[in-house]
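Subject: The structure I promised you

Hi,

Here is the structure we talked about, with the sequence alongside. Have a look at it first, then read on for what turned up in it.

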Amino acid sequence: MAATLLALFFLFIVLCFFLQIHRKKPATNNNLPHGSFVWPFLGETIEFVRTQRHGAPEKFVRNRMGRYGSPMVFKTLLLGHHMAVFCGPEGNKFLFGNENKLVASWWPEAIQMLFGHKNWVLCIAWSPDGEHLVSGSKSGELQCWNPLIGKSSGNLLTGHKKWITGISWEPVHLSLPCRRFVTSSKDGDAQIWDATLRRSVICLNGHALAITFVKWGGDEFIYTGSQDCTIKVWETTQGKLICELKGHGHWVNSLALSTEYVLRTGAFDHTRKHYSSPEEMKTAASERYNKMKGNAPERLVSGSDDLTMFLWEPSVSKHPKTRMTGHQQVPLQ
């Protein structure tokens, strides 16, 4: 008992010592922005995490913008790291306009572990059965999430060398439960991943420049649009290139499928029907897909920096069915 009390007294003395140093430590740089470090090491971590967990991270920033009268930047201490937080239109303009020049955007490793990604989240995609969520970031990494509790399902998935530009899941009528999804990247590759194995199983390479868009079609094809002005069509079991669609005079910025709605929603519709087995769900998804497609082949529309769109029927011909013009600006989505 006496040893325990002595240990607690010692810890109390040490804490008081650090608090005294923290409070009396003179400022060494008058150019630091306004703000507060509060507690040694912890700083404002507790309040930061609390606002994140409550789904209102902006509250942490707004409170400090008002408290310190700064519309642009404030200093803080999070998980042992002193940092400056840029905020508001002026702060964001300064940060993005001078990234890798005057400033470098950065998050401590401990915060990355708490919140999943190391950089900006660029893409998000639900699996058609509603069981999985995948996000991709500017650092080229992917994170699988459990949507029921909002927690990551494990470590980040790595494989791409540059940022993620698109994510698309294999349709329910082709495979259930949903396991595979495809990603595209600025590095010029697309990769097929297995969410259960948590790794890349097939790499689709062949584009000369960055892939800007990817779609997993309902006829067991994957479509990738690229800055090399082409669209490539791939089979999904071994990743072999089936054909190349050419016609655009500039970057391909976007792709859209005629069956896209039912590919995303799978077996679910406005009736909110519940299914007793995966087989029943897969059958319902197949019926919806075939009804949507009808007697026509699955059609693809591409948009480009050349201000045009092309309509394709890739399963019938590698030549465009028609060329659509009329835009005065670049069609982006």
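How many residues does helix α3 have, and how far does it reach from its first C-alpha to its last? Helix α3 runs over residues 57-68, so to speak a stretch of twelve residues, and it reaches 18 Å, close to the 16 Å expected at 1.5 Å a residue. Before you rely on any of this, keep in mind that the model is predicted.

The buried residues of α3 are F60, R64 and Y68. Why do these three sit on the same side of α3? Because they cover an arc of only 35° around the axis. On the other side of α3 you'll find R62 and G66, and those two are exposed. Just past the end of α3 comes G69, with a positive phi of about 65°.

Next, the strands. Is strand β7 mostly covered or mostly open? Mostly covered: β7 spans residues 164-169, and five of its six residues are buried. β7 pairs with strand β8 (residues 180-185) in the antiparallel sense, over five bridges. If you want a spot to check by eye, find I164, which stands opposite S185 in β8. As background, strands of a sheet pair through backbone hydrogen bonds, either parallel or antiparallel.

The loop between β7 and β8 is worth a stop too. P177 is found there, and the peptide bond from L176 to P177 is cis, with omega near 0°.

There's also an open sheet of four strands, in the order β3-β4-β5-β6, with antiparallel pairing. Which strands are at its edges? They are β3 (121-126) and β6 (151-152), each of which pairs on one side only. The partner of β6 is β5 (residues 142-146), and these two pair in the antiparallel sense over two bridges.

Then I went looking for holes. How many cavities of 30 Å³ or more does a search of the whole structure find? One. The largest cavity has a volume of about 30 Å³. Its lining is made of P171, V172, H173, V262, L263, G266, A285 and Y289. The elements that give two or more residues to that lining are α6 (260-265) and α7 (278-293). By class, the lining of the largest cavity has six nonpolar residues, two polar ones and no charged ones.

- R198 has a positive phi of about 60° although it is not a glycine. You'll find R198 in the loop between β9 (189-194) and β10 (199-205). Its relative accessibility is 24%, so R198 counts as partly exposed.
- L307 is a residue other than glycine as well, and its phi is near 75°, a positive value. L307 is found in the loop between β16 (300-304) and β17 (309-312). With 29% relative accessibility, L307 counts as partly exposed.

Cheers

Notes: Residues numbered from 1 in each chain as written. Predicted model: local features only at pLDDT ≥ 70, side-chain atom pairs only at ≥ 80, totals over all residues. Heavy atoms only, no water. Expected span 1.5 Å × (residues − 1). Buried < 20%, exposed > 50% of the residue type's maximum accessible area, 1.4 Å probe, protein only. Arc of directions from axis to C-beta. Pairing = 2+ DSSP bridges. 1 Å grid on protein atoms, 1.4 Å probe; cavity = no way out; pocket = protein on both sides within 12 Å on 5 of 7 lines; lining within 4 Å. Points joined across faces, edges and corners; volume = space filled by probe spheres on them. Nonpolar A, V, L, I, M, F, W, Y, C, P; charged D, E, K, R; others polar.
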